[in-house]
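Subject: Structure handover

Hello,

Please find the structure below, followed by notes on what was found in it.

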Amino acid sequence: MYLISNREMLKKAQRGGYAVPAFNVHNLETVQVVVETAAALSSPVILAGTPGTFIYAGLEYMVSICREAAHINHLPVVLHLDHHEEYDDICHKVQSGIRSVMIDGSHLSFEQNIEAVSRVVRFCQNYDVSVEAELGRLGGQEDDLAVDSKDSFYTDPMAAKEYVSRTGIDSLAVAIGSAHGLYHGEPHLDFDRLAAIRQQVDIPLVLHGASGIPEEQVRRAINFGICKVNVATDLKIAFADAVKAYFTEHPDANDPRKYITPGKEAMRKVVETKIHICGSAGMM
Ligand SMILES: [Zn+2]
């Protein structure tokens, strides 16, 4: 078993009318929980790491752990570069075995964004690597990437059409009202805009910042053409809350095998729920 690109996985999801969940992983425990749960439910799955995660865990460790998890669980998995911006960094990680890339040029002008993304697409064509890019800009915070809501803007459908055809990307991250991190108040996705984008663009669409969006809205977004749903914050909260509760009950605990286990079980439930919301169970 091995690390694969998400190209065929997302095309199949698009044909089947479901989405593949992408979970941000940070260490051995998150990888174990996500891959074991996906395998138990026969769901395709994407393991995502931001630049900060690769610095924290180490590129070689991440590649080895994810590859081993795929092998042990008899499930080919995608290890995906989430919100990467640096060309040289992306090339190095692809050469180290990663087959799925998001190049985030959303902070650049339209023309500069196209230029940066096209350069990565050209490189990735040599390696059978799928490329995701973002047009429009999500608010909120993910790792060191913080975007004030006044600097966020939604994806324009006609610009999306031009963007996709000029860059040759495999999937498009859209800004339709979701945000990274925690929401202040209930989020409302712009479904009219999503439908208009879908009319102009025929590649799989990606929803970032899905943690905290009501289940019904995520399901509706999938019906409107979202094929990849990113989840980070919901896993972090479940893990941290369970570990905090364990220490409240056992203030003198010091064995990581004891206090980490409830955190893993809490994450497992979140992964199960997200797979069911995405409709991806049984699709592998
Ligand atoms: Zn994101």
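The UniProt annotation "binding site", from an unreviewed entry, covers His83, His180 and His208; UniProt positions are given in the numbering used here, feature names are shortened, and annotations may be inferred rather than shown by experiment. These residues are spread over 126 residues of sequence, yet they cluster in space, with a largest C-alpha distance of 11.6 Å.

This is a predicted model, in which local features need pLDDT of at least 70 and side-chain atom pairs count only at pLDDT 80 or more, while totals for chains, interfaces and linings use all residues. Residues are numbered from 1 along each chain as its sequence is written, and side-chain values use heavy atoms, with hydrogens and water left out.

The zinc ion

The protein donors of the zinc ion are His83 (NE2), His180 (NE2) and His208 (ND1), at 2.0 to 2.1 Å from it. Donors here are N, O and S atoms within 2.8 Å of the metal (3.2 Å for Na, K and Ca); water is not among the atoms, so sites may look incomplete. Along the chain the donors of the zinc ion have the spacing H-x96-H-x27-H.

His83 lies in strand 3 (residues 78-84), and His208 is found in the loop between strand 10 and helix 9. Helices (H or I, at least four residues) and strands (E, at least two) are DSSP runs, numbered from the N terminus.

His83 counts as buried at 6% relative accessibility, and so does His208 at 1%. Buried means under 20% relative accessible area, exposed over 50%, and partly exposed in between (1.4 Å probe, protein chains only).

The side chain of His83 makes a polar contact with the side chain of Asp104 (2.8 Å). Another polar contact, of 3.1 Å, joins the side chains of His208 and His83. The term stands for a pair of N or O atoms within 3.5 Å; within protein, one must be able to donate a hydrogen and the other to accept it, and residues adjacent in sequence count only if both atoms are side-chain atoms.

Cysteines

A search of the whole structure finds zero disulfides (pairs of cysteine sulfur atoms within 2.5 Å). The sulfur of Cys66 is 18 Å from the closest cysteine sulfur, in Cys124, which is too far for a bond. Cys91 is in no disulfide either, and the nearest cysteine sulfur, that of Cys124, is 7.2 Å away. Cys66 is buried, with a relative accessible area of 0%, and Cys91 is buried at 9%.

Regards
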